[in-house]
Amino acid sequence: YIEPPFYCDYGFNINVGSNFYANFGCVLLDCAKITIGDNCFLAPGVKLYTATHPLDAIQRRKAEFAQKITIGNDVWIGGDAIICPGCTIGSRVTIAAGSVVTKDVPDDVLVAGIPATIKKHIQSKAS
């Protein structure tokens with residue numbers, strides 16, 4: 001389920017698994033593929049950015065490119081967190097509110113901060 005307002009570039013580059021929820025004001029810039037697994041929840045204001053630009057100012061005037069974002073299963077992304085281009089988020093991950101994820105995140109961790117770093121390893125309890 002997606003709470004409005006919801007913003008995206010194209011929409012057709014976004015694939016979500018079952019039991020997906022995006023709260024108010026999420027932004028998914030899907031210039032490249034965004035893949036989100038099952039049982040994933042985005043808090044208000046989460047931003048997934050695949051679009052990026054060259055660092056060289058002259059090249060930036062006429063070039064944009066994109067890198068995919070992949071998110072595993074059972075991921076919770078806290079309010080106003082940002083996932084940067086090219087990142088892969090593992091399964092059973094929690095991303096703290098306000099974090100900026102600039103690198104891949106392994107399974108079973110809590111990440112927080114700017115840039116996001118591993119704060120805790122999580123052991124899931126069997127259901």
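Is Asn-23 buried or exposed? I started my notebook with that residue, and Asn-23 turned out to be buried, because its relative accessible area is 17%. For the record, buried means under 20% relative accessible area, exposed over 50% and partly exposed in between, with a 1.4 Å probe and protein chains only.

**Ground rules.** I am working on a predicted model, where local features need pLDDT of at least 70, side-chain atom pairs count only at pLDDT 80 or more, and totals for chains, interfaces and linings use all residues. Residues are numbered from 1 along each chain as its sequence is written, and side-chain values use heavy atoms, with hydrogens and water left out.

**Around Asn-23.** I found Asn-23 in the loop between strand 3 (21–22) and strand 4. Strands here are DSSP runs (E, at least two residues), helices are runs of H or I with at least four residues, and both are numbered from the N terminus. Leaving out residues up to four places away in sequence, Asn-23 touches Glu-3, Leu-42, Ala-43 and Pro-44; contact means heavy atoms within 4.5 Å.

**Overall picture.** I noted 1 helix and 17 strands for the protein. The C-alpha trace spans about 55 × 30 × 20 Å along its principal axes. I also checked the radius of gyration, which is 14 Å and agrees with the value near 14 Å for a compact globule of 127 residues. That radius is taken over C-alpha atoms, and the globule rule is 2.2 Å times the number of residues to the power 0.38. Of the 127 residues, 37% count as buried.

**Strand pairing.** Next I followed the sheets, counting two strands as paired if DSSP finds at least two bridges between them.

I see 3 bridges joining strand 4 to strand 1 (residues 6–8), in parallel, with Leu-28 in strand 4 as the bridge partner of Cys-8. Strand 4 also pairs in the parallel sense with strand 7 (residues 47–49), over 3 bridges; there Val-27 stands opposite Lys-47.

**Core.** I then looked up the largest nonpolar core, which has 28 residues; Leu-48, Ile-71, Ile-77, Ile-83, Ile-89 and Ile-95 touch the most other members. Such a core is a set of buried Ala, Val, Leu, Ile, Met, Phe, Trp, Tyr and Cys residues joined through side-chain atoms within 4.5 Å. I picked out Ile-89: beyond its neighbours within four places in sequence, its contacts include Ile-71, Val-75, Ile-83, Ile-95 and Val-101.

**Aromatic pairs.** Last, I went through the rings. I paired rings of Phe, Tyr and Trp (its six-membered ring) if their centres lie within 6.5 Å, with planes under 30 degrees apart counted as stacked, over 60 as edge-to-face and the rest as tilted. This gave me 3 aromatic pairs. Tyr-10 and Phe-12 form a tilted pair, with centres 5.5 Å apart and planes at 40 degrees. Phe-12 is exposed, at 64% relative accessible area. Phe-41 and Trp-76 are also tilted, with centres 6.5 Å apart and planes at 50 degrees. Phe-41 lies in strand 6 (residues 41–42) and Trp-76 in strand 11 (residues 76–77), so this pair ties together parts 35 residues apart in sequence.
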